[in-house]
Amino acid sequence: MSDKQTEQGRPRLERYKRQWHKFASNRLSLLGLVVVLLLIVLAVFAGKIAPYPEHAGLYLDFQSANQGPSLQHIAGTDEYGRDIFSRMLFGLRVSLEIGLLVLAIGVPIGVLLGLIAGYHRNTWIDTAIMRFTDLFMAVPPLVLALVVVAMFTPGFFFAAIGIAVAWWPWYTRLTYSLVTSLSNEMYVKYAELSGAKSRHIILKEILPNAISPIFTKMSLDMGMIIIIASSMSFVGLGVQPPAPSLGSMVSNGIKFLPEFWWIPVFPALFVVLIVLGFNLLGDGLRDVFAIEEL
Amino acid sequence: MSEAAAREKILEVSRLRKEFQTRQGTLVAVAGVDFAINESEIYGLVGESGSGKSTVGSMIVGMYGSNGGEILFRGEDIDRPAAKRSKELKRQIQLVFQDPGGSLNPRQTIRQILALPLKLHRGLSGAALEEAVQETVEKVGLPRSYLDKYPQAIGGGEKQLICIGRALAPDPSFIVLDEPTSALDVSIQAKISNKLLELQEQLGLSYLFITHNLCLVRNLVHRTAIMYLGQLCETAVTEEFFTHPLHPYTQMLLASIPVMSEREEAYKPTEVESVGEIPNPIHRPDGCGFHTRCPLCMDRCKTEPPVMTEVSPGHYVSCHLHANIAAKEA
Amino acid sequence: MTEQVRDQQMLLDVKDLSISYKVYEGMLRVLQHIDFRVESGERIGLVGEAGCGKTTLLKTIAHILPIPPAVIETGEVWFKGRDVLDGSKASRRSIRRDVSMILQDPTASLNPTLTIRSFMGDILKNTPHPGSRAERKQRMLEALEKVSMPSPERVLGSYPVQLSGGMRQRVCIAMCLLKDVDLILADEPTTSLDVTIEKQILELLNTLSVENRKSMVLVSHALGAVRTMTDRTYVMYAGNLAEEGTTAEIFDHPAHPYTEGLFEATPKLSGEGVSDGIAGELPSYLDPPPGCRFMPRCPQALGVCAEERPGRFRLNESHSVACWARETGRVEEEGNP
């Protein structure tokens, strides 16, 4: 069947519509999308939605400490009397911000290096970049991030830098293999034969065809990055108190198990929800783009 | 070349060789090939897999350089990769690939695809560029509305027309076409072939038409050449080539074509069996590459590679048997 | 399961088969009211270009059509007196046992991680009389010899990637022999092969089907192959049957304008120049025109062609065509458009 059979109207619009339909036909992917959108809304409007926004900072009220879930405090209060639900929302905002910052730093660096190495395949440039990449990949991401943070001061910004340092190599690897396989496409060869400049070939011929897998990976990575950020907070090298962080809420709350179970459990479940949402979304994206490539 | 002496040669290939290093050994893709194409001529290069015909085409357009021999374009030595060629040369020699689907970037519109060669080879931009793009798409017989479409939205035959348009855009004089219609249905092949003929006549272009389809070549090209395992076996004006095939391989190939009518059967050499398989080019037989399958194989064929001999005006054969006959008649 | 009393000569009987595919934009009407029969020992040619539905038809017969997204709108497929589409295990088994399909790309049909001996062994183990290991090996060697395979012993121990395209295709044919099927469906079996090898493989298929009295359906756009190797031929266009008849009739006196156009567009060895091809393009399968699907491209179109699908008109005993311009005696009533 020719693809002509099914394409009419404005071409780009048609393509997006078809991709959406493919995506939406999978319930789990839709669920992932809905969860992620909800989380974004919660994070952006945390200030308005949280019932006790001031609890996200310095706050003490021993009168209300360690109270179980109730109508006034949906997720209960912690040992300082702070509303856990409100802190969770601000913790969510921090997590998402870290995720975005890590991707914003790590992805462009990783992809750029991968593009250059892949395009200059089998030259010294390739070897230099890929071996450099291998070095970073040899160290487990969490450890690398912790090392970076330890070199500076713990806190939101350096935690993000630390994770970004651990993260970019994977994008280099991915981009490198994409570029290598795309370089064999006839339209790339044609551009080369015609004397197009490297910059044009990399940016106009190769990159647009490599974007989809990179995008998918970004979504799938969000979950992992948030877990790493939470782990760093868990060991105290991430976001510092009194700023709320899901990871530190869990680590501090563990000692209150099992009587005041709500203190660690709700934040932990929330992390699970966030990661699940991004993973489902990422899986859905991968399926959509994979079929389209065919 | 006695008969064609009056016409100018646009391309001359001499003793052309190409080898590739593989894990199993050296693959001799092209083992010493000589031929010439005249101005405004369509030259058909026929062969099966392993013949080296695509490799010859690739060297002419500059995908890579050779390992020996010469390629002259209007007298100028062009045997080197495209990156090392002059802009003018790159403009003059263009290429149309086999698979139209893979030759067009799925993320670019037709307009962008056609604009690239115009920008690179003719330095156009702005309004002049837009005008040239529209002219190109009309030249191949497609409507202007196609410019905004993506390649996936148009059919195989039309994609190939775009590829042809892309090759014509720089205003070249020589186009290498590597199996341009093989991936298309018969009814569409005819349309594309027609368009190619029309454009060639209109613009005085020269084509190197590479294909395995003998029937197509019979009706489309002025002169025909056939390759086997990296060697050129026979070349002649098309009519002569098909009515008086001399090389045993040519005969075997012609005898193997399934044809549609009794009338065509009459044009096939009779009593020629198709035997054996094409040897692995990495383990080329010594002497004449075809000797392992040749019903007329002599001792000499097993050790000594044959030389291209003019057996009758314009008709060249690379075969010891025919060289002997020609020598005797001389 | 009524009508087991079908004519035992009739190996395969496809009646009024219509199939659509569900896609995002709607339903693609891929096959329309196809009638197709193969008798025991008959060799049938199926001619048509890309998109005409021939592969869909073969896949339906071989029971490998993916049912969603495909939808069988109407029709029946009877194989050896059994309704193949009834979904029962017994009919599936019947097809798997007695029908074999040879695909265009032999590389795709052969698992690259198994030796040839493994494939053939698997097939033999599933036959009624597997025999001992030595017996099986003997049968494998015999099958390979029948297909003129050079050095069969070495081939048995090889992996598909070590064999050439022609040899792989011979292996597929040998597997059909081992399985002792009644019907071989060959979908463009030689398209990916060189011309000289193509001739050998086609001759091989021919000999085998004749010698072993196996029925064969040969789908090929190499019209010459169809001409020399088949008894009857069907011509398909855009999911419809354009014409059917004995191969000699179809090639010497093509009746349908599409068939005429197709033959004319094929470059001839006799050097008659390049034809203009057939103007126009395939119609939309999503929203097919009510009348004849070929009408927009047909040089002999009549008014009625745009409004009503042509029925099958019998030209003579061995030749019928679906074309208003050739209307003579109407064969039978078909489903309405």
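## A tour of helix packing, an interface and buried sites

Begin by selecting helices α6 (residues 141–151) and α7 (residues 156–182) of chain A, whose axes come within 8 Å and cross at roughly 135°. Axes here are lines fitted to C-alpha atoms, for helices over the stretch in contact, with angles running from 0 to 180 degrees between N-to-C directions, and helices (H or I, at least four residues) and strands (E, at least two) are DSSP runs numbered from the N terminus. The angle makes α6(A) oblique to α7(A), given that angles under 35 degrees count as roughly parallel, over 145 as roughly antiparallel, 65 to 115 as roughly perpendicular and the rest as oblique. The residues in contact (C-beta atoms, placed from the backbone, within 7 Å) include A:Pro141, A:Leu144 and A:Val148 of α6(A), and A:Phe158, A:Ile161 and A:Trp167 of α7(A). By class, this contact has 13 nonpolar residues, 1 polar and no charged, where Ala, Val, Leu, Ile, Met, Phe, Trp, Tyr, Cys and Pro count as nonpolar, Asp, Glu, Lys and Arg as charged, and the others, Gly among them, as polar.

The model is predicted: local features need pLDDT of at least 70 and side-chain atom pairs count only at pLDDT 80 or more, while totals for chains, interfaces and linings use all residues. Residues are numbered from 1 along each chain as its sequence is written, and chains are lettered from A and ligands numbered from 1 in the order in which they are written.

Next, select α4 (residues 110–122) and α5 (residues 126–139) of chain B, which pack at an angle of about 115° with their axes 9 Å apart. These two helices, α4(B) and α5(B), are therefore roughly perpendicular to each other. On the α4(B) side the contact is made by B:Arg111, B:Leu114, B:Ala115, B:Leu118 and B:Lys119, and on the α5(B) side by B:Leu129, B:Ala132, B:Val133, B:Thr136 and B:Val137. That contact divides into 7 nonpolar, 1 polar and 2 charged residues.

Staying in chain B, move to B:Val140, in the loop between α5 and α6 (156–168). B:Val140 is buried, with 23 other C-beta atoms within 10 Å; a residue counts as buried if 20 or more other C-beta atoms, placed from the backbone, lie within 10 Å of its own, exposed if 12 or fewer, and partly exposed in between. Leaving aside residues up to four places away in sequence, B:Val140 touches B:Leu161, B:Ile164, B:Gly165 and B:Lys195.

Now show chains B and C together, where 37 residues of chain C are in contact with 35 residues of chain B. On the chain C side, α8 (195–211), α9 (223–229) and α11 (257–265) each supply at least two residues, and the largest share, 6 residues, comes from α8(C). This side of chain C has 15 nonpolar, 14 polar and 8 charged residues.

Within chain C, select helix α1 (residues 54–61), which is largely enclosed by the rest of the structure, because 7 of its 8 residues are buried. The buried residues of α1(C) are C:Lys54, C:Thr55, C:Thr56, C:Leu57, C:Leu58, C:Thr60 and C:Ile61. The last stop is C:His63, which follows α1(C) and has a positive phi, near 65°.

How values were computed: Contact = placed C-beta atoms within 7 Å.
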